[in-house]
Amino acid sequence: MCRNIRPLNNFEPPATRDEVTAAALQFVRKVSGTTKPSQANQAAFDRAVAEIAHITEHLLDELVTTAPPKNREVEAQKARERARLRYG
């Protein structure tokens, strides 16, 4: 999986549309093997991003969990600490 795609489920506040779209864009870039499609492929690329974002929103709306929602700031701090230990 692309390392730039972050988990979006079970956060308070819930994932925003921008976060979902960013994850969809990263997915399409990974699958297509390009970060900037040619003009001939731009429409297909954009359509794929929009459809994946739409489906992802539905998925996040339907997922059920009993775990308490995660705090974005706490999770970001944990990620920074892991990066500090990994990269010095």
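Modeller: Glu81 has a relative accessible area of 31% and is partly exposed. Here buried means under 20%, exposed over 50%, and partly exposed in between (1.4 Å probe, protein chains only). The model is predicted, so local features need pLDDT of at least 70 and side-chain atom pairs count only at pLDDT 80 or more, while totals for chains, interfaces and linings use all residues. Residues are numbered from 1 along each chain as its sequence is written, and side-chain values use heavy atoms, leaving out hydrogens and water.

Biologist: Which side chain meets Glu81 in a salt bridge?

Modeller: Side chains of opposite charge can pair when their charged atoms come close. The rule asks for a side-chain nitrogen of Lys or Arg within 4 Å of a carboxyl oxygen of Asp or Glu. For Glu81 the partner is Arg84, at 2.6 Å from N to O. Both lie in helix H3, three residues apart, about one turn of the helix. Arg84 is partly exposed, at 48% relative accessibility.

Biologist: How is a helix defined, and how many salt bridges does the rule give?

Modeller: Helices are DSSP runs of H or I, at least four residues, numbered from the N terminus. The salt-bridge count is four. Among them is Lys78 with Glu75, the closest N and O atoms being 3.4 Å apart. This pair also sits within helix H3, three residues apart. Lys78 is partly exposed at 42%, as is Glu75 at 25%.

Biologist: Which salt bridge links distant parts of the chain?

Modeller: Arg72 and Glu19, at 3.0 Å from N to O. Arg72 is in helix H3 (residues 72-87) and Glu19 in helix H1 (residues 17-32), 53 residues apart. Arg72 is partly exposed at 24%, and Glu19 at 27%.

Terms used: Helix = DSSP H or I, 4+ residues; strand = E, 2+ residues; numbered from the N terminus.
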